[in-house]
Amino acid sequence: MIGTVGDMTNRNREIRLASRPSGPARTENFALAETEIPEPGAGQILVRNTWMSVDPFMRGLMDAESDFFLPQYEIGQPLYGGAVGEVVASRADGVPVGATVSHFLGWREYAVVDAAEATVIDTGLAPANAYLGPLGTTGLTAWAALTDVAPVREGDVVFVSAAAGAVGSIAGQIARRLGAAKVIGSAGGPDKAKRLVHDFGFDAALDYKRGDLAGQLAAAAPDGIDLYVDNVGGDHLEAAIDAMRTGGRAALIGSISGYEADVPGPRNLERIVLRQLTLRGVQVSAYFDRFPEFIAQAAGWLADGSLRSAETVVEGIEQAPAAFLGVLSGANTGKMLVRLP
Ligand SMILES: NC(=O)c1ccc[n+]([C@@H]2O[C@H](COP(=O)([O-])OP(=O)(O)OC[C@H]3O[C@@H](n4cnc5c(N)ncnc54)[C@H](OP(=O)(O)O)[C@@H]3O)[C@@H](O)[C@H]2O)c1
């Protein structure tokens, strides 16, 4: 083994799935467990996680089955997901002790990771936590949506839902940067609506909790919208389809309104035909090979201040379930992260 692990306690804490939710997920569905710190084998590294991500897709993995391409969480086993941390022991060539890496074994304080599954990140370019937000899959998702799936065109009127969240807040700013004439966002509550305009540069903000989303959208975009970035589905997708001009496009990223509730789909699909609309899904994993290109571009935007990122930070592995439930219920502005001290 290269390096020593002398400065760590010999305990690891991790969050396991205690039971599958029936209805909305609750804290009782999670359990905090303590283990020995695992030892890396040949080709592996031991990572002390410093930040972990909690994401809406994890809700689907808590169920017995889902359509997702990742394995379901297993009862009694630790959850997994995005994390960054410091390599504290290494048995892998090319990933030295002291490197900072991103990987997919979050929800634990220490992780043994196959070196091939870890990416060494450049903390000179941006702090480690940025690689779970604007420079991570969050940013890549927004970028893929607006550069490839439904590219922004000069002069577009763009509508983004869940716009105060991680993907949405980045998407609104990228749309502006790539030539949108007007960027409209929706979020839950007056404070988030204010932040859309003040912090993220949206031209107009809709508070969907006030009701009449379609009316609010029509008032903000009296001549309709050209492009919709959908993070919510349900009523938001229906309102956006109604508001789209002929030839309008939508990037369908997610439908969080339906992750824990039965939400009817849009009732106005005939408008897709009548107005020759294009609605196309986004799957971020299809863009992983473009991470270097994306990071080079987005790190420049972060550095020159044209891309602002926000975080809601929760402290300690024991708070990770609450942080995750908070993402589903809107407790976050920007990216929800758990710091592991
Ligand atoms: N396709 C992909 O590859 C991909 C990749 C990443 C993320 N996603 C999807 O992108 C979306 C956003 O993910 P994220 O990580 O950026 O999360 P996020 O937006 O930071 O957090 C989720 C937000 O959703 C909003 N929300 C919850 N229930 C809602 C409802 N019933 N109606 C309207 N808004 C609701 C909440 O904000 P409010 O307070 O404003 O309600 C909450 O803050 C999710 O649908 C996620 O599944 C997809």
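Author: One term to begin with: helices and strands here are DSSP runs, numbered from the N terminus. With that in hand, Thr 333 lies in the loop between H9 and S15. Keep in mind that this is a predicted model.

Reader: Fine. Is Thr 333 buried or exposed?

Author: Thr 333 has 11% relative accessibility, and the cut-off for buried is under 20%, so Thr 333 counts as buried.

Reader: And what does Thr 333 touch, leaving aside neighbours within four places in sequence?

Author: Its contacts are Ala 164, Lys 192, Arg 195, Phe 200, Ala 310, Glu 311 and Thr 312. Take Lys 192: it sits 141 residues from Thr 333 in sequence, yet their C-alpha atoms are 7.3 Å apart in space.

Reader: Back up a bit. How many helices and strands are there in the protein chain?

Author: The chain has 9 helices and 15 strands.

Reader: How does the radius of gyration of the protein chain sit against a compact globule?

Author: It agrees. For 341 residues a compact globule would come out near 20 Å, and the protein chain has 21 Å. Along the principal axes, the C-alpha atoms fill a box of roughly 65 × 45 × 35 Å.

Reader: What percentage of the residues is buried?

Author: Buried residues make up 53% of the 341. On contacts, if you take those with a separation of 6 or more, 68% are between residues 24 or more positions apart.

Reader: Ok, H9 next. How many of its residues are buried?

Author: 8 of the 10 residues in H9, which spans 320–329, are buried, so the helix is largely enclosed by the rest of the structure. The buried ones are Ala 320, Pro 321, Ala 323, Phe 324, Leu 325, Gly 326, Val 327 and Leu 328.

Reader: What covers the buried residues of H9?

Author: The cover includes strands S1 (11–17), S2 (30–36), S3 (44–53), S14 (311–315) and S15 (335–339), along with helix H1 (57–62).

Reader: And which residue follows H9?

Author: Gly 330, with a positive phi near 90 degrees.

Reader: Are they buried or exposed?

Author: Ala 162 counts as partly exposed, at 30% relative accessibility. Gln 276 has 54%, so Gln 276 counts as exposed.

Reader: Helix packing now. At what angle do H2 and H3 cross?

Author: Roughly 45 degrees, with the axes coming within 8 Å. Angles of 65 to 115 degrees would count as roughly perpendicular and under 35 as roughly parallel, so H2 and H3 are oblique to each other. H2 passes H3 in a right-handed crossing.

Reader: Which residues make that contact?

Author: From H2, they are Thr 138, Gly 139, Thr 141, Ala 142, Trp 143 and Leu 146; from H3, Ala 166, Val 167, Ile 170, Ala 171, Ile 174 and Ala 175. By class, this contact has 9 nonpolar, 3 polar and no charged residues.

Reader: What about Ser 169, where is that found?

Author: Ser 169 is in helix H3, residues 166–177. Its relative accessible area is 2%, so Ser 169 is buried. Beyond its neighbours within four places in sequence, Ser 169 is in contact with Ala 163, Ala 164, Phe 200 and Gly 334.

Reader: Now H5 and H6: how do they cross?

Author: The axes of H5 (213–220) and H6 (234–243) come within 9 Å and cross at roughly 40 degrees. They are therefore oblique to each other, and H5 passes H6 in a right-handed crossing. On the H5 side the contact is made by Leu 213, Ala 214 and Leu 217, and on the H6 side by Asp 235, His 236, Ala 239, Ala 240 and Ala 243.

Reader: How many of those are nonpolar, polar and charged?

Author: 6 nonpolar, 1 polar and 1 charged.

Reader: Last one. Where is Gly 85 found?

Author: In strand S4, residues 83–90. Gly 85 counts as buried, at 1% relative accessibility. Not counting residues up to four places away in sequence, Gly 85 touches Val 47, Arg 48, Asn 49, Thr 50, Ala 99, Thr 100 and Val 101.

Terms used. Residues numbered from 1 in each chain as written. Predicted model: local features only at pLDDT ≥ 70, side-chain atom pairs only at ≥ 80, totals over all residues. Heavy atoms only, no water. Axes fitted to C-alpha atoms, helices over the stretch in contact; angles between N-to-C directions. Helix = DSSP H or I, 4+ residues; strand = E, 2+ residues; numbered from the N terminus. Parallel < 35°, antiparallel > 145°, perpendicular 65-115°, else oblique. Left-handed = near helix turned anticlockwise from the far one by under 90°. Contact = heavy atoms within 4.5 Å. Nonpolar A, V, L, I, M, F, W, Y, C, P; charged D, E, K, R; others polar. Buried < 20%, exposed > 50% of the residue type's maximum accessible area, 1.4 Å probe, protein only. Rg over C-alpha atoms; globule rule 2.2 N^0.38 Å.
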